[in-house]
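My notes are below the display.

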Amino acid sequence: MQTMPALALRGLTVYPKMMVHFDVGREASVKAIEESMSSNQPIFLVAQKDIRVEEPDRNHLFAMGTVSVVRQILRLPGKTIRVMVEGQTRARLHELTQTDPYLVAQVEPVETSEHYEGKTNSLRAEAAIRQAYELFDRYSELSPKNASAEMLMNIMSSEDAGYIADFLAQNVSMRVLDKQSILDELRPVQRLNKMNRLLRREVEILEMEQSIQRRVQENMTQNQKDAFLREQVRVIQEELGEDGDNELAAYRRQIADAKLPEEVETKLLKEVMHLEKQPFGSAEASVLRNYLDVCLELPWTKTSKERVNVQAARKILDADHFGLEKVKERILEFLAVKQLAPDLKGQILCLVGPPGVGKTSIGMSMARALNRKMARISLGGVHDEADIRGHRKTYVGAMPGRIINAIRQAGTRNPLLLLDEIDKLGSDMRGDPAAALLEVLDGEQNSTFRDHFVELPFDLSEVLFITTANTTSTIPKPLLDRMEVIELPSYTDEEKLQIAKQHLLPKQLKRHGLKKNQLKITDDAIREVIVSYTRESGVRVLERELGALCRKVAMGIVSQRYKQAHVTGDTLEEFLGPRKLHPEKNGLENQVGLVNGLAWTSVGGTLLEAEVNVVPGSGKVELTGNLGNVMKESARAAFTYIRSRAVQLGVEPNFYKEKDIHIHFPEGAVPKDGPSAGVTITTAMVSALTGIPVRGDVAMTGEVTLRGRVLPIGGLREKSMAALRNGIHTVIIPKDNESDLEEIDQTVRGALQFIPASHVDQVLANALEHPPLAQPAEDAGEAPLGGPGTSSQASIPRT
């Protein structure tokens with residue numbers, strides 16, 4: 001019997017003639033090692049049955065262990081030490097004589113078979129050794145991490161069965177009980193046979209693991225491969241400072257938080273899955289990211305709280321715009337209906353009027369009054385249908401259409417969209433944008449509007465559409481049918497004066513850094529700017545002229561010529577230069593063959609003179625002045641009427657054979673067209689043929705038939721204001737326009753005398769110095785009348 005320090009091993013078995021190193025952490029174990037090393041005595045190493053026991057006793061230890069010698073101690077950080085020991089002999093544990101501060105065991109060394117120390121030459125031992133070689137070789141192939149070529153050479157150089165068994169048991173991964181069973185076996189050949197059986201089982205286990213791994217590899221689905229590849233991509237992205245997983249998670253989180261409609265959410269989640277499968281850096285991934293970003297920015301469910309209050313809207317409209325009373329009233333009626341019927345949809349307003357009268361600003365005021373977000377879409381010059389519906393996202397540079405982009409910009413699903421210049425849409429081989437707008441502006445269809453880029457139904461039924469146009473003549477009829485037209489008339493000079501004082505001048509003063517006391521301008525000066533420097537229906541040019549005036553004053557103040565400026569009608573030319581227009585014609589004399597006609601243009605009404613000269617000839621009729629076909633036809637109709645009434649009009653019956661007639665409209669570079677110059681041409685021709693002068697203070701408008709009837713015309717409001725500006729006192733108009741007088745400004749009606757005429761005879765009776773007829777027409781002196789203008793082609797004066 002021998003007594004020596006003992007060390008309980010956890011998960012480890014040490015065999016004789018084996019050099020092993022391991023870490024020791026328990027305090028008792030460390031003290032046992034130190035005692036063995038300091039006293040130069042062996043130590044008994046025995047394995048624990050249960051590795052979880054911290055303070056083992058005799059019952060927790062196996063009976064067989066190994067007497068070993070401590071060769072080296074290495075102290076590690078903390079209380080742990082690394083020990084190298086060499087096994088000497090097997091020994092059987094009898095009892096533990098001490099447990100504190102370390103274990104002390106009483107052991108009995110065990111002698112093995114007589115063949116253990118010598119070489120075994122029996123056939124059975126040889127067979128066991130060869131089998132061990134073969135099994136370990138196979139084990140090395142299957143588990144190269146646990147077996148090396150050096151280990152293989154070590155066992156192949158030995159013919160000792162017991163040693164080979166102990167060596168294999170020490171170096172092959174096995175369970176603790178299996179290792180202990182090898183240590184318990186004292187007969188070398190039987191020990192090697194047992195080791196071969198355990199090694200064969202380990203080989204079979206490794207082969208089974210490889211077989212399973214091979215089958216798993218073969219049966220791996222495409223999704224698993226993709227997951228593996230995505231993991232690789234993730235690692236690459238992390239190295240590059242990118243994070244694909246976070247991006248996909250962010251998309252999914254945004255989709256979940258947005259509370260989207262079911263169809264939209266399903267579609268976007270599919271696109272996220274599609275993006276997840278894309279290889280790193282692919283072009284398709286960029287397209288999908290752009291698509292997801294656009295769709296997630298759209299306000300699918302976000303709305304702004306609408307304020308439908310007629311009184312509040314009235315205050316806003318009155319503060320933003322002077323005049324336009326009937327237009328304001330119509331807009332307030334629209335809001336009143338909306339206040340009583342909030343669910344009413346499909347109302348689309350079209351504001352029609354000349355440039356500069358405030359169509360766009362009225363739309364902005366409506367948005368402010370309704371507390372709606374506003375987005376403006378300019379349709380002027382749009383020729384491509386894709387500008388409205390968007391492009392398919394598969395195209396390079398694809399983007400949503402202007403409608404969806406405007407809603408995205410507004411940030412709510414119920415904004416006010418202002419479609420500017422809808423009358424200037426074009427069409428070509430890329431499609432017809434006006435046709436695409438049919439669905440957008442139809443309240444029965446636009447609840448499921450599909451943009452080609454988004455490819456999902458978006459509800460436009462809550463959007464308030466306001467369109468603007470200079471004329472309705474170029475708007476396609478199906479599109480015009482979907483809109484309610486509100487006409488914005490031209491401003492009178494008095495309205496322009498008030499607009500300039502209340503809005504334009506304060507705005508320009510602020511823009512140019514001037515204080516109110518630095519520029520004093522009289523009402524007469526503003527009227528002079530309106531009359532002598534502008535000729536327009538709106539106030540854009542007037543605002544520019546006031547801006548020029550402010551610049552001149554700013555220059556004078558900066559150069560210290562004066563500290564403040566006082567501008568009157570007499571000093572206006574010092575600031576704005578010579579007058580550009582000379583419209584006043586109060587001193588115009590009565591002349592033969594010269595008649596004042598009235599025409600409508602996109603910038604308002606204008607005075608259009610007609611000159612006729614009669615010279616000896618062969619009956620030719622010459623028309624000059626850049627006239628359109630309709631105006632030429634009016635001249636032919638007037639000529640035929642005069643021929644048919646030559647005797648009654650006091651004209652020589654054969655004038656069409658002996659006289660050449662030249663009809664000319666001045667400003668020949670300006671195109672002119674329209675039928676309402678009929679009475680003007682007729683009067684001028686009769687005056688030239690009879691020699692009777694035409695009154696210079698009379699202007700006229702109206703269409704003439706072959707029988708002399710005077711037909712109604714449009715644009716009477718603008719034409720009457722042009723007559724007033726040019727010093728006309730009397731305006732002859734068609735009798736059928738009498739009902740339109742209510743639309744004419746009261747200032748204009750009070751300054752002009754309107755004479756209705758249903759026949760050319762009545763026109764001649766009031767326009768010539770003395771009528772050519774013996775008796776004037778019965779209706780020649782009827783009550784005044786007037787009416788609103790009808791739209792026409794923007795760039796051509798319509799007579």
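The entries that follow start with conventions and then go element by element.

**Conventions.** I am working on a predicted model, in which local features need pLDDT of at least 70, side-chain atom pairs count only at pLDDT 80 or more, and totals for chains, interfaces and linings use all residues. Residues are numbered from 1 along each chain as its sequence is written, and side-chain values use heavy atoms, with hydrogens and water left out. I take helices (H or I, at least four residues) and strands (E, at least two) as DSSP runs numbered from the N terminus.

**Sheet.** I looked up the strand order and found an open sheet of 5 strands, β8-β9-β12-β7-β13, with parallel pairing. Strands pair if DSSP finds at least two bridges between them. β8 and β13 (484-487) are the edges, each with a single partner strand, so one side of each has no neighbour in the sheet. The twist averages 20 degrees from one strand to the next; axes here are lines fitted to C-alpha atoms, for helices over the stretch in contact, and angles run from 0 to 180 degrees between N-to-C directions.

I then followed the bridges. β8 (residues 374-378) is joined to β9 (residues 416-420) by 5 bridges, and Arg376 stands opposite Leu418. Contact means heavy atoms within 4.5 Å.

In β8, I noted Ala375 and Ile377 on the covered face, and Met374, Arg376 and Ser378 on the uncovered one.

**Helix α18.** Where does helix α18 bend? I find a bend of about 50 degrees at Ala500 in this helix, residues 493-511; the bend is the angle between axes fitted to the seven residues ending there and the seven starting there. Its buried residues (under 20% relative accessible area, 1.4 Å probe, protein chains only) include Leu497, Ala500, Leu504 and Gln508. The buried residues pack against β14 (519-521), α19 (523-533), α20 (540-558) and α26 (716-725). After α18 comes Gly513, with a positive phi near 70 degrees.

**Thr13.** I located Thr13 in the loop between β1 (2-9) and β2 (19-24). Thr13 counts as buried because its relative accessibility is 4%. Beyond neighbours within four places in sequence, Thr13 contacts Ala47, Gln170, Lys179, Gln180 and Leu183.

**Cysteines.** I searched for disulfides (cysteine sulfur atoms within 2.5 Å) and the structure holds 0. Cys295 is buried at 0%, and Cys550 is buried at 0%.

Definitions and conventions
Buried < 20%, exposed > 50% of the residue type's maximum accessible area, 1.4 Å probe, protein only.
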